[in-house]
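Welcome, and please take a moment with the sequence and the structure below.

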Amino acid sequence: MKFLKFILAILIIFTFNISKADEIKIQNKITKNLRCLICQGQSVYDSDSEFAISLKLVVKNKIDEGFTEDQIYKFLTKKYGEWILYDPQFNKNTYFLWFLPLLIFLFGGAIISKKLINIKK
Amino acid sequence: MRNRIFYFLLITFFIFAFVIFYRGLDNSNLYTPKTDVKNIPEFSSETFFKKKPINSKDIFNKDRFYLFNIWASWCVPCRDEHPLLINLGKGKKIEIIGLNYKDDFNNAEKFINELGNPYSTILLDRNGTKAIEWGAFGVPETFLIYKNRIIKRYIGPLNPKLIKEIESYIK
């Protein structure tokens with residue numbers, strides 16, 4: 001019986017650790033994608049400015065409240081604008097940005113295929 | 001012919017790049033966020049002196065202008081704008097609410113005792129999370145509020161010119 005309890009205790013501690021670790025992982029992932037507005041050019045994760053410290057806390061609180069990653073981004077873009085995100089979101093202002101590489105790729109492909117057809121002829 | 005088109009395109013490209021970069025020289029490289037916070041955010045906090053819990057709904061509930069000022073005793077520009085706030089508060093046309101941002105209580109109390117207290121209420125923000133609700137990212141920052149809406153937002157210290165602007169709003 002004692003042995004069982006011991007195993008149970010270890011299991012509980014272990015699962016708790018995993019969930020906590022996941023939480024920290026997601027928190028780090030989010031804060032790495034946030035731009036620090038005081039020390040521009042640094043992410044909130046890297047920065048130790050007062051603003052970044054508070055923002056890390058806000059992200060942690062939001063995760064504890066059950067917010068998803070996207071919900072946290074939405075909350076922060078509402079407060080600080082899209083610029084706070086390093087990874088621009090997909091919307092009507094960024095269509096061009098996202099599709100540009102694809103367009104260039106297709107354009108290059110078209111040139112190459114045209115040249116190849118010309119050589120074959 | 002082909003060569004000419006090439007040169008034409010090259011020169012156009014360089015002119016285009018030059019204009020873009022030249023115009024960019026004037027732009028400030030400091031970004032001020034485009035915030036969507038138009039209505040005052042709801043938050044709860046503590047009052048500065050009595051440590052009484054208070055909700056934002058109980059503060060901005062009168063039909064008058066409010067000035068919400070984020071300050072800290074360690075912030076040097078706050079010291080500069082403080083006399084302006086005191087003068088503005090004397091007019092009684094506007095109620096000034098303070099948010100003490102990440103401050104040590106003793107230092108903040110000293111600051112108020114030394115320079116005067118223009119605030120009708122001072123709220124506490126010990127960890128800076130309340131300022132984030134407002135979309136603020138530094139001190140000092142000031143919001144002009146009427147009927148729960150943010151009319152104007154001032155990032156950085158107020159100066160006599162901005163005070164005149166505020167006075168023209170509340171006339």
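Buried area is the accessible area, taken with a 1.4 Å probe, that two parts lose on being put together, summed over both. With that in mind, please note that this is a predicted model, and that chain B and chain A bury about 1,600 Å² between them. Carbon and sulfur atoms carry 61% of that buried area.

**Where the chains meet**

On the chain B side, 21 residues are in contact with 18 residues of chain A. What classes do the residues of chain B that touch chain A fall into? There are 10 nonpolar, seven polar and four charged residues on that side. Turning to polar links, five residue pairs are in polar contact between chain B and chain A, counting pairs with both residues at pLDDT 80 or more. Helix 4 of chain B, residues 129-133, gives the most to the side that touches chain A, with four residues.

How many salt bridges are there between chain B and chain A? The count is one. Lys102(B) forms a salt bridge with Glu50(A), and their closest N and O atoms are 2.9 Å apart.

**A hairpin in chain B**

Let us move on to chain B by itself. Strand 6 (residues 141-146) and strand 7 (residues 149-155) of chain B pair in the antiparallel sense, over six bridges. One pair to look for is Tyr146(B) with its bridge partner Arg149(B) in strand 7 of chain B. The hairpin of these strands has two residues between them, and Lys147(B) takes a positive phi near 50° there. As a general point to keep in mind while viewing, side chains in a regular strand alternate between the two faces of the sheet.

| Residue | Location | Relative accessibility |
|---|---|---|
| Lys25(A) | helix 1 (residues 2-32) of chain A | 61% |
| Asn33(A) | loop between helix 1 and helix 2 (50-64) of chain A | 13% |

Why does Lys25(A) count as exposed? Its relative accessibility is 61%, and exposed means over 50%. Asn33(A) counts as buried because its relative accessibility is 13%, and the cut-off for buried is under 20%.

Leaving aside residues up to four places away in sequence, Asn33(A) touches Tyr73(A), Ile84(A), Leu85(A), Tyr86(A) and Asp87(A). As for Lys25(A), a C-alpha to C-alpha distance of 32 Å separates Lys25(A) from Leu102(A), and the two are 77 residues apart in sequence.

Conventions:
Residues numbered from 1 in each chain as written. Chains lettered and ligands numbered in written order. Predicted model: local features only at pLDDT ≥ 70, side-chain atom pairs only at ≥ 80, totals over all residues. Heavy atoms only, no water. Pairing = 2+ DSSP bridges. Contact = heavy atoms within 4.5 Å. Salt bridge = Lys/Arg side-chain N within 4 Å of Asp/Glu carboxyl O. Polar contact = N/O pair within 3.5 Å; in protein donor to acceptor, adjacent residues only side chain to side chain. Nonpolar A, V, L, I, M, F, W, Y, C, P; charged D, E, K, R; others polar. Buried < 20%, exposed > 50% of the residue type's maximum accessible area, 1.4 Å probe, protein only.
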